[in-house]
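User: Hi! I have a model open on my screen and would like to talk it through with you. Could we start with the strands and work outwards?

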Amino acid sequence: MMLPPIPIEQYALDNGLRVVLSEDHSVPVVSVAVYYDVGSRNEREGRTGFAHLFEHMMFQGSENVPKAAHFQYIFNSGGTMNGTTSSERTNYFETLPANQLPLALWLESDRMRSLKVTQENLDNQRNAVQEEKRLNYDNRPYSNAFLRLNELIFKNPANAHSTIGSMADLDAATIEDVQEFFRIYYAPNNAVVAIVGDFDAAEARALVEKYFATIPPQPVPPPVDTSEPPEVAGRHETYLDPFAQLPALMLGWKAPARRSPDFYPLALAGDLLLEGESSRLYQKLVKGDESVIAVQGSIGERRGPSSLYVFAIPKPGQTTADIRHAIDAEIKQLAAEGPTAGEMEKLRNNLLNDSVRGRQSTMYRAQRLAEYALYDGNPELFNSELERYLRVTPEEIKAAVARDLDTDNTALIEVIPATPAGAEGETPAPASEPIPNEPEQEPGDPPPQVPPQPPAGPTSPTDPIEMPTAQAEQKI
Amino acid sequence: MNQTETLVEAFRREPPAPLAPRTLTLPRPEETTLANGMRVVFVENRRLPLVSYRLAFLSGNADDPPDLPGLTDILTGMLNEGTATRTSRQIADAVARIGATISAGANSDYTTVGAGALSNYQDETLELMADLSLRPSFPADELELTKQNALQNLIAQRGQPAFLANERLAKVIYGEHPYATVAPTPASISAMTRERMATFHREKFIPNDAILIVGGDVEREAVLRRVEELFGAWQPGHVEPARFPALPKRADRVAYLVDRPGSAQSNIVIANPAIKRTDPDYFPMLVMHTILGANASSRLFMNLREEKGYTYGAYTSLDARRAAGSFRATAEVRTSVTGDSLKEFFYELSRIREDLVSEKELRDAQSYLTGIFPIRLETLDGLLDQLMQIRLFGLPADYLETYRERIEAVTRDEVRRVAREQLAPDTAAIVIVGDAAAVRAQVQPYAETIELYDSTGQGKEK
């Protein structure tokens with residue numbers, strides 16, 4: 001099956017703003033995605049969480065748009081919007097009825113050229129972000145332990161610290177920090193605007209020119225060093241979790257940078273081990289051994305050194321040592337024998353299905369186009385990356401597992417419930433001592449993105465165990 | 001921080017006018033009924049080489065046998081664990097090999113099996129979906145494993161404050177009504193047997209209570225022929241109309257405190273019984289809910305987050321189901337402002353009952369609801385979900401065509417009338433999951449009574 005390419009037009013304004021347009025007239029909506037080349041990897045020491053706090057400030061008003069009016073203009077025009085921060089970038093995006101494209105460009109350009117900050121708004125958003133941290137990490141089982149896992153995988157602080165940051169660093173952020181960050185990173189030459197949907201290209205080009213061309217460029221931001229030594233930063237820790245009802249096991253590895261030649265086969269190996277009920281680890285641990293109630297994991301894709309993690313919840317009476325041994329054995333088998341022909345067919349069809357399904361949404365396309373333009377300078381990758389994945393051979397997958405999932409170079413956290421189920425009110429079990437020579441644990445530090453919690457609503461079948469994902473991303 | 005101080009650009013001062021509107025072409029689904037009573041809805045969309053299916057039944061968790069709460073959930077979870085001709089492993093491999101997805105689930109009112117695939121695998125996918133839905137075998141060893149894991153999941157979910165809040169709220173709002181149940185119990189899980197499952201499946205998974213929706217890059221005649229082959233011999237059964245007890249009458253405002261020692265926040269839910277989905281006031285309620293709390297420009301968000309900074313988000317939810325409903329206002333706030341947050345919640349609940357909303361608020365809410373409508377129809381699955389809900393709730397056939405008119409017809413007076421009729425702050429249930437010792441005194445001024453529970457759901461000494 002061949003997928004027809006989507007039309008892609010790419011150009012840059014004189015001020016360096018990169019623009020990607022893709023017309024599609026099937027539904028009268030338009031999606032705009034603005035990506036800035038700044039994420040938590042750019043944060044300096046003492047200011048963890050700042051890129052995300054700053055993202056909140058981008059909704060607090062600019063020269064012609066009052067505080068909170070951004071939300072209102074978008075919603076009141078029948079649109080949806082959000083902003084998110086990851087280690088790699090900060091993005092702002094909206095989907096609107098097609099005829100509201102000028103509104104989106106007016107709003108995005110006004111804050112790119114003239115953000116306004118006040119102490120009152122900074123204090124207010126600091127509070128909102130601290131509640132976001134409590135909601136998604138501090139008050140939830142397993143989430144902070146997962147942030148800790150990242151610190152065991154990575155040695156370089158640029159990679160190891162979380163996007164949500166620490167309470168103390170959030171408290172320390174000042175107005176001057178906000179102004180400096182805006183000047184350095186929120187310039188047109190450090191951003192991409194992608195527009196996908198039901199518009200006329202000539203009209204869109206004229207609107208982009210009108211709203212963005214007069215915003216002056218800034219000096220290129222300082223480079224980021226994300227280099228890592230091959231070994232993980234820490235091998236083994238226990239984590240006393242105040243809210244987990246059941247113990248858990250977390251394993252983490254370093255992985256190659258996204259789009260590097262070694263990344264593609266490792267990503268597919270991760271799918272074979274972890275994706276769905278036909279995956280090797282599900283079939284081995286949940287089904288065959290019946291040793292865990294759930295196993296999950298994925299690859300955390302970054303421009304620099306990336307990671308792969310596995311998360312499992314043992315059944316009563318099972319030891320984490322036995323479960324780790326079983327996981328290691330599965331990895332070694334894949335490294336020794338490689339995937340089967342049936343697994344290669346499965347990978348191929350799933351790649352195709354995911355690729356086609358994702359294309360339905362204009363927002364999905366806008367976000368991928370913006371990423372490829374920002375990270376790789378080449379939005380055409382949207383049309384060619386599928387082919388790149390389909391070219392991966394079984395031998396490459398086998399070699400990637402042997403090379404990158406070294407069972408001796410693994411970070412491991414055992415999560416221990418502080419108050420085991422049924423023991424409420426009793427004295428908490430004593431914490432296991434961390435293995436000597438490991439860094440001190442900082443409770444309340446970094447993490448996995450757990451999906452934002454919907455308001456308590458009607459009964460629906462939900463997975464009672466919300467598991468973290470490696471793509472740490474905070475929303476506004 | 002103006003990077004362009006030297007430029008005066010007057011065109012930036014006001015939001016730009018929209019361009020000429022572009023029209024939305026609504027899909028035209030066709031519907032037919034098989035001899036055994038199964039309704040089949042077909043909608044062609046050739047934009048991409050995809051197909052999606054939904055098989056929906058008009059019974060859900062509320063129809064569980066009284067002695068086996070959670071049976072529908074566990075049963076739907078077992079559909080892919082074995083059929084008359086396939087093992088669990090064979091199903092998992094067969095679905096994965098063609099890159100398809102098949103998932104089954106239930107809510108309180110409905111049970112659905114959904115599937116999606118590349119259109120070149122449409123036949124295989126529909127055949128697998130039919131096999132799972134019609135011929136599950138509930139193998140003994142798989143049932144035993146499912147039960148063991150379900151028992152552990154019951155323990156795990158008590159670590160989630162949102163689960164604890166939802167559990168307590170459902171009990172106090174719905175009382176004897178089956179909507180009061182949000183999860184199986186250890187006793188019900190232990191009591192589930194292959195025989196009970198097979199019998200229940202035979203009674204509830206019947207064609208005369210089912211709707212199959214097919215959409216995407218498919219050819220009408222070929223699909224209908226295949227549907228007839230796969231589902232035509234399925235024998236109809238007897239549909240027992242559900243009779244549910246009434247909701248408890250609430251006489252005063254009570255706080256239900258679920259103690260979670262050391263909790264980093266208070267999860268607050270304020271609720272009262274409200275309309276069901278088919279109520280004629282659904283559209284005014286939807287507009288009122290949008291103004292009060294549906295999104296990040298609604299009153300609650302603007303007040304509790306953007307002005308006060310108490311929370312990451314404060315929202316309302318319109319929990320309008322087939323047989324009953326509730327209206328809920330929620331936020332997760334830091335422990336020290338639990339009382340202050342209750343003050344703002346009750347201020348907003350009372351303001352929208354007392355004063356007419358402004359013309360602008362009404363217009364903005366209407367424009368939001370009519371504008372996001374086409375975004376939902378962007379994907380095949382979004383479209384199929386709309387078509388399914390219309391049929392499951394028995395909404396008018398022209399629902400999609402008239403949706404925007406119905407939103408636009410709502411008036412300020414109607415918004416206030418439904419707020420007065422459907423919001424009951426004086427008799428509301430306040431559920432708070434948090435550190436009871438730290439919040440109890442803060443809650444005292446806002447409730448006539450406080451009941452205390454522990455995180456296992458049991459009542460505690462005061």
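Analyst: Happy to. This is a predicted model. In chain B, strand β8 (residues 265-274) and strand β10 pair in the antiparallel sense over 10 bridges.

User: Which residue of β10(B) is the bridge partner of Ile268(B)?

Analyst: That would be Ala331(B), which sits in β10(B).

User: What about β9(B), how many bridges join it to β10(B)?

Analyst: There are 8 bridges between strand β9 (residues 311-320) of chain B and β10(B), and the two run antiparallel. Within that pairing, Ser317(B) stands opposite Arg328(B) of β10(B).

User: And how many residues lie between β9(B) and β10(B) in the hairpin?

Analyst: The hairpin formed by β9(B) and β10(B) has 4 residues between the strands.

User: How many of the residues in β10(B) are buried?

Analyst: Strand β10 (residues 325-334) of chain B is mostly covered, with 10 of its 10 residues buried. For chain B as a whole, buried residues make up 51% of the 462 residues.

User: Let's zoom out, then. How many helices and strands are there in chain B?

Analyst: Chain B has 16 helices and 12 strands. Its radius of gyration is 25 Å, close to the 23 Å that the globule rule gives for 462 residues, so chain B is as compact as a globular protein of that length. Along the principal axes, the C-alpha atoms of chain B fill a box of roughly 65 × 65 × 45 Å.

User: What share of its contacts join residues at least 24 apart?

Analyst: If you take the contacts in chain B between residues at least 6 apart in sequence, 79% of them join residues at least 24 apart.

User: Now the interface. How many residues of chain B are in contact with chain A?

Analyst: On the chain B side, 94 residues are in contact with 87 residues of chain A. Helix α12 (residues 359-376) of chain B gives the largest share of the chain B side, 8 residues. By type, the chain B side that touches chain A divides into 42 nonpolar, 32 polar and 20 charged residues.

User: Over to chain A. Which domains is it divided into?

Analyst: Domain 1 of chain A covers 9-212, and domain 2 covers 236-435 + 462-471. The C-alpha centres of these two domains of chain A lie 28 Å apart. Their contact takes 37 residues from domain 1 of chain A and 32 residues from domain 2 of chain A.

User: What supplies the domain 1 side of that contact in chain A?

Analyst: Several elements of chain A supply at least two residues each, including β2 (18-23), β5 (90-97) and β6 (191-197). The largest share, 7 residues, comes from α5(A). The domain 1 side that touches domain 2 of chain A divides into 19 nonpolar, 11 polar and 7 charged residues.

User: One last thing: which residues of helix α8(A) are buried?

Analyst: In α8 (residues 175-185) of chain A, the buried residues are Val178(A), Phe181(A), Phe182(A) and Tyr185(A). They cover an arc of only 100° around the axis, which puts them on the same side of α8(A).

User: What do those buried residues of α8(A) pack against?

Analyst: They pack against β3 (29-36), α1 (50-57) and α4 (119-138) of chain A.

User: And which exposed residues does the face of α8(A) turned away from the buried side carry?

Analyst: That face of α8(A) carries Glu176(A) and Glu180(A).

Terms used
Residues numbered from 1 in each chain as written. Chains lettered and ligands numbered in written order. Predicted model: local features only at pLDDT ≥ 70, side-chain atom pairs only at ≥ 80, totals over all residues. Contact = placed C-beta atoms within 7 Å. Nonpolar A, V, L, I, M, F, W, Y, C, P; charged D, E, K, R; others polar. Rg over C-alpha atoms; globule rule 2.2 N^0.38 Å. Buried ≥ 20, exposed ≤ 12 C-beta atoms within 10 Å, placed from the backbone. Arc of directions from axis to C-beta. Pairing = 2+ DSSP bridges. Domains from an automatic or database assignment.
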